[in-house]
Structure formats: C-alpha cells, structure tokens
Amino acid sequence: MGNHFLTLSLLLVIVCVCVSIITTKLNPKEAIMSPSDSNPIEIHGVKILRQPSDSKLAQLGVASWPKWEGGPSKFPWTFKKTETMYFVEGKIKVNVDGYDREEDVFEIGKGDVVIFPKDMKVVWEIIEAVKKHYSLED
C-alpha cells in the first residue's frame with residue numbers, strides 16, 4: 001500500500017509539473033506575471049519583469065523564441081498581437097500613445113522581459129543596439 005501511494009504521489013507531481021511547463025510555453029504572459037515573481041511592474045499598460053532569473057527564462061522557453069536585432073533609430077509601432085520579449089542587449093525609450101509628456105517616457109533594455117498588449121501604439125527610440133527574443137500571441 002505504501003509503495004502505491006508513493007508512486008501515485010510522484011506521478012501526480014510529474015503531471016502537475018508537465019501541465020505547468022506546457023501552460024507556460026503556450027501563454028508566457030501568465031507565467032511572467034505569476035505572483036511568485038520578484039515584483040513585475042506595469043507602466044502605461046506595459047508589463048515589465050526586470051532581471052528575471054535564469055530559471056524563469058528557462059521556464060518561459062526564451063532561448064527557443066525567434067530573434068530580432070535593430071540599431072539606433074526611432075520609429076512608431078503598433079503591436080498587432082500581444083508580444084512578449086526578452087532583451088539580450090540594448091536600451092530603448094518607449095513612448096506609449098496617449099502618454100505624451102516627457103516624464104511618461106520609460107526605458108527598457110538588457111535583461112528585461114516585457115509584454116506589450118495587442119493593438120498598443122508606441123514610439124520606440126532605440127538608444128543602444130538591440131538584440132531580443134520575442135513571442136507572439138493573439
């Protein structure tokens with residue numbers, strides 16, 4: 001009886017871990033903003049997790065996400081889908097549409113995981129060349 005209970009308990013733990021991993025891969029936004037994280041912040045609707053741990057990045061599957069690079073420039077952008085990104089290098093100033101005062105502009109960059117919601121309009125000013133991984137969801 002004791003061995004069966006132990007086996008069933010172990011199987012339950014494995015199933016829970018697998019479900020957690022699969023859910024995280026399908027919806028990185030939920031995984032980033034889980035209450036156990038070290039204080040994710042939100043600025044004008046943009047969610048930011050500063051300097052997540054290597055284990056959090058592995059949980060999100062960041063290494064398997066597509067990559068994008070860009071040099072210093074300034075351009076408007078509309079997010080057609082919710083986009084989660086992890087910055088490997090660089091620094092960006094972000095101006096969210098509707099927040100037009102100078103003090104509303106904020107910076108994101110190296111080491112940050114950031115979520116921009118679908119249909120958000122911004123102006124990106126790349127201050128230092130950017131290398132990022134990104135994930136799109138509807």
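**Ground rules.** I worked on a predicted model, where local features need pLDDT of at least 70, side-chain atom pairs count only at pLDDT 80 or more, and totals for chains, interfaces and linings use all residues. I number residues from 1 along each chain as its sequence is written, and side-chain values use heavy atoms, with hydrogens and water left out.

**Fold.** I looked up the secondary structure and found three helices and eight strands. Helices (H or I, at least four residues) and strands (E, at least two) are DSSP runs, numbered from the N terminus. The order along the sequence is α-α-β-β-α-β-β-β-β-β-β.

I checked burial next: 34% of the 138 residues count as buried. Buried means under 20% relative accessible area, exposed over 50%, partly exposed in between (1.4 Å probe, protein chains only). The protein exposes about 8500 Å², by the Shrake-Rupley method with a 1.4 Å probe. Carbon and sulfur atoms supply 58% of that area. I then took contacts (heavy atoms within 4.5 Å). Among those with a separation of 6 or more, 80% join residues 24 or more positions apart.

**Partners of β5.** I followed strand β5, residues 82-96. Two strands pair if DSSP finds at least two bridges between them.
- β8 (residues 121-137) runs antiparallel to β5, with 13 bridges. E83 stands opposite L136 there.
- β7 (residues 113-116) pairs with β5 in the antiparallel sense over four bridges. M85 has V114 as its bridge partner.
- β6 (residues 106-109) is also antiparallel to β5, joined by four bridges. K91 is bridged to G109.

**Aromatic rings.** I paired rings of Phe, Tyr and Trp (its six-membered ring) with centres within 6.5 Å; planes under 30 degrees apart count as stacked, over 60 as edge-to-face and the rest as tilted. The count is six aromatic pairs. I looked at F75 and W124: their ring centres are 6.2 Å apart and their planes are at 40°, so the pair is tilted. F75 lies in strand β4 (residues 73-78) and W124 in β8, so this pair ties together parts 49 residues apart in sequence. F75 is partly exposed at 21% relative accessibility. W124 is buried at 3%.

F87 and W124 came next: centres 6.2 Å apart, planes at 40°, so this pair is tilted. F87 sits in β5 and W124 in β8, 37 residues apart. F87 is buried, with a relative accessible area of 0%.

I noted one aromatic cluster last, formed by W68, F75, W77, F79, F87, F116 and W124.
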